[in-house]
Amino acid sequence: MKRRAFLKLVGLSAVFHHWLLRGVSAAEGPLLAVAEGKDYAQVTRNAIAAIGGMKRFVKSGDVVVVKPNMGWDRNSEQAANTNPIVVRTVVEEALRAGAKKVKVFDRSCNDERRCYVNSGMVAALKGMKNVELKYIENERFKKVELKGKVLSEWELYDEALHADVFINVPVAKHHQLTKVSLGLKNVMGVMGGNRGAIHKNIDEALSDVNGALKSHLVVIDATRVLTAHGPQGGSLADVKQLHKVMASSDIVAADAYATTLFGHRPEDISITVAAHKRGLGEINLKKVRIVRA
Amino acid sequence: MLFLLVFLVLFVQTEYRGSDTISAAVNSFFRADPLVLVSYLAATRSFTWLLFPALLTLIFTLLLGRFFCGWICPLGTVLDLVTVRIKKTLPLQVLKGNLKYWLLLPLVSSALFHVNLAGILDPIAILLRALTFFLYPLFGGAVRSGWVGLYRLIGERRDHLAPGFDLLRDHLLPFRETFYPLAFLSALLFLAIVFLERYETRNWCRNLCPLGTLLGLFSRFSPLKRFPAQLCSDCKACRSTCPTSFDGDALLQEECILCMECLGACRQKRVQFSWSLQKPGTGAFLPERRVLLGGLLSGVLLSGSFRFRRPEAEARLLRPPGVKSEGEFLNKCVRCGECMKVCLTGALYPAISQAGIEGIFTPVVTPRLGYCEYNCTLCGQVCPTAAIPNLPVSQKRRAVIGKAVFDKNHCLPYARKTNCIVCEEHCPIPQKAIRSEIVEEIDLNGKPIRLQKPYLVEELCNGCGICENVCPLEGKSGIEVFAVKDKTPLKEVALGSAQPAAVLPSSAGKAEQNQDDPYR
């Protein structure tokens with residue numbers, strides 16, 4: 001209990017002494033929380049509290065978008081989608097911090113109705129007030145001038161662009177093309193059009209998109225991870241229980257740390273490297289202040 | 001009226017609504033349809049308990065007459081509803097006589113020769129196809145484009161109305177706007193039947209409908225009869241009241257649909273329906289022998305002349321999951337369109353010419369438009385005759401639709417030396433039917449590149465077509481699914497383990513691991 005009290009203190013001080021925290025982080029690099037335990041709701045709360053609490057990101061009356069990965073018609077234990085308990089907890093925290101409305105969506109790869117149900121998200125968010133679990137509607141994609149290295153423009157989802165706070169909640173998993181799929185890759189879920197076509201330059205393309213759509217908070221679900229046959233998996237033989245949740249406001253740092261869970265070095269992942277070079281965050285974990293919670 | 005409502009409710013229910021199983025679908029109407037039963041028996045020469053309700057309908061028709069036409073048939077009810085607004089001219093003489101037998105008999109006899117065309121003219125199938133292929137997409141498309149238009153007009157403020165629209169979408173609208181080939185033909189057939197109403201009431205039912213004709217044959221034995229059996233000389237009001245049976249002065253027992261209109265309308269209270277075993281004296285039981293033989297013979301001709309198939313079209317003739325033999329499938333398929341209605345991703349489309357004329361309106365998987373969803377079993381669930389077998393999901397996943405083939409002249413890593421593997425990413429088989437090897441090559445700009453070149457593991461491919469569907473190339477895909485004769489289901493090991501790795505001493509997939517997989 002003492003530790004939690006301490007964390008609360010850290011969280012509260014972060015709220016009331018925002019300048020202090022900013023000063024500290026400027027001096028010592030970004031903050032990353034790694035929480036571990038079997039009660040995933042508590043683990044998620046701990047991770048968020050350890051980087052200053054949800055109130056650091058969500059102000060009263062904000063419209064918040066929580067973007068999990070629920071792109072596949074796989075169930076929760078198959079680890080292709082974000083753990084619904086983690087998503088639910090992030091949503092709860094956002095509401096508690098004063099969010100007016102929390103929207104949850106993903107442009108799925110399989111039939112969206114099946115994905116939303118089978119991922120466990122429909123059941124997890126059922127009956128929550130001011131929470132909308134909604135399907136993607138094509139008319140909402142807006143052409144955005146990215147002026148990036150490989151994408152000059154692309155259609156992005158307006159509800160993600162217009163949100164006051166965009167919370168990126170990926171599941172950490174294997175990906176055949178990019179080795180791992182994490183926060184930077186999860187943003188593909190708000191891309192419209194023929195998004196498969198970006199695979200030929202996926203590292204630079206994702207930097208272009210992430211440069212235009214900032215993830216204010218990244219919560220990576222590594223409660224269980226898919227270690228092979230990603231991003232879809234399907235066989236429980238490929239699933240490993242890690243019982244971890246990471247949180248950071250630095251998407252590159254969060255991805256970099258999560259990469260190490262798979263036995264890779266952050267520098268091996270071209271998406272992370274490209275994003276770091278663009279100034280989207282810190283790839284060198286020695287420069288990241290890692291808080292265990 | 002009630003049954004039309006039931007029909008429409010079931011129609012709307014024939015869709016994925018958040019549950020893996022559909023408890024009640026519109027297929028119950030076809031399972032109670034004796035024309036489906038008779039043509040199924042003729043074509044497959046076997047009985048299925050799925051069609052037991054149709055047998056009951058026949059037995060009740062023997063007892064009661066054509067109550068099905070008057071009380072149950074949804075197309076009949078639709079005609080009753082519209083006919084009051086259509087002015088009548090004189091009956092068309094060309095439809096009278098034996099024309100209806102010329103329709104029914106060839107259908108049944110060609111079914112004997114394994115060309116089961118009954119569904120093309122089955123009234124319930126005609127109505128369902130008009131709804132599925134034409135009216136429902138039109139309705140859905142109209143509402144959807146209104147909704148989209150509203151967004152263009154008022155933008156985000158549309159969200160205030162979203163709960164209402166979501167309700168509509170979840171319970172009434174088609175989830176996807178799918179437009180079908182042959183929508184025009186389906187609509188035309190239905191509208192032609194409505195158009196015929198300007199000559200006389202229930203024109204289709206009394207002069208053409210093969211189901212009605214079939215039921216008419218049985219209803220002759222019905223002991224439930226209307227009295228008096230002819231028009232009363234002093235009144236004759238029944239001639240205009242009765243929708244089907246008074247072409248002349250005598251009641252045509254085989255046309256009486258027991259609508260009971262005459263009972264309510266008779267001012268003299270003379271009309272009654274009562275049981276009588278007396279044999280009616282009106283006409284011969286069957287039409288002339290000439291018609292009988294001619295009808296049967298033309299069925300043979302029909303079965304022969306519709307057989308031709310273009311082999312190159314057949315290469316892409318992909319049947320729904322679980323269909324093993326094309327012949328057996330054609331024997332059983334009613335062409336009702338339910339599978340196409342229910343298909344989650346809009347993968348099933350009515351065949352135009354892929355399967356020859358004999359296969360018109362039968363469902364074909366068209367992967368570039370939609371793929372077979374790995375965990376979905378809905379088409380098998382709604383098929384009234386099990387032409388698409390109702391497989392449990394574990395078996396359906398292993399059922400082979402076809403096999404994918406890479407086209408290296410189009411596929412990006414081969415043709416343009418860029419990375420892609422979107423197909424591998426989407427392949428739903430846990431052990432992956434599409435894999436890739438990593439090669440160091442010089443790309444088209446002369447720079448060294450680490451390319452992932454995909455290849456297919458044929459034993460693991462079930463032909464679901466998601467690879468062809470998601471291929472980011474425009475128009476033609478770099479990987480395509482082709483039909484195969486050998487539809488032996490995939491081995492269970494392909495679908496991976498349902499047990500966590502810790503419980504499994506040697507993981508099933510280990511031997512097949514990709515060599516570049518860094519985690520092993």
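This note goes through a predicted model of two chains, point by point.

1. How to read the model. Residues are numbered from 1 along each chain as its sequence is written, while chains are lettered from A and ligands numbered from 1 in the order in which they are written. As the model is predicted, local features need pLDDT of at least 70 and side-chain atom pairs count only at pLDDT 80 or more, whereas totals for chains, interfaces and linings use all residues.

2. Chain A as a whole. Chain A has 11 helices and 12 strands, where helices (H or I, at least four residues) and strands (E, at least two) are DSSP runs numbered from the N terminus. Its C-alpha atoms fill a box of roughly 50 × 45 × 40 Å along the principal axes.

3. Burial and contacts in chain A. Of the 293 residues of chain A, 62% count as buried, a term that requires 20 or more other C-beta atoms within 10 Å of the residue's own, with C-beta atoms placed from the backbone. Among contacts between residues at least 6 apart in sequence, 75% join residues at least 24 apart; two residues are in contact if their C-beta atoms, placed from the backbone, lie within 7 Å.

4. Where the chains meet. In this interface, 31 residues of chain A are in contact with 41 residues of chain B. On the side of chain A, helix α5 (residues 112-118) gives the largest share, three residues. That side divides into 10 nonpolar, 14 polar and seven charged residues, with Ala, Val, Leu, Ile, Met, Phe, Trp, Tyr, Cys and Pro counted as nonpolar, Asp, Glu, Lys and Arg as charged, and the others, Gly among them, as polar.

5. Two helices of chain B. The axes of helix α3 (residues 34-44) of chain B and helix α7 (residues 99-112) of chain B come within 6 Å and cross at roughly 30°; axes are lines fitted to C-alpha atoms, for helices over the stretch in contact, and angles run from 0 to 180 degrees between N-to-C directions. α3(B) and α7(B) are therefore roughly parallel, a description used for angles under 35 degrees. V38(B), S39(B), A42(B) and A43(B) of α3(B) meet L107(B), V108(B), A111(B) and L112(B) of α7(B).

6. Buried places in chain B. I126(B) belongs to helix α9 (residues 123-154) of chain B and is buried, with 22 other C-beta atoms within 10 Å. Leaving aside residues up to four places away in sequence, I126(B) touches L75(B), L189(B), F190(B) and I193(B). Helix α13 (residues 210-219) of chain B is largely enclosed by the rest of the structure, because eight of its 10 residues are buried.

7. Backbone points to check. Most residues other than glycine have a negative phi, and most peptide bonds are trans. A cis peptide bond joins G230(A) and P231(A), with omega about 5°, and the bond from F227(B) to P228(B) is also cis, with omega near -5°. R335(B) has a positive phi, near 60°, and counts as buried, with 25 C-beta neighbours inside 10 Å. I421(B) has a positive phi near 40° and lies in the loop between α22 (412-415) and α23 (422-426) of chain B.

Methods:
Angles under 35 degrees count as roughly parallel, over 145 as roughly antiparallel, 65 to 115 as roughly perpendicular and the rest as oblique. A residue is buried if 20 or more other C-beta atoms lie within 10 Å of its own, exposed if 12 or fewer, and partly exposed in between; C-beta atoms are placed from the backbone.
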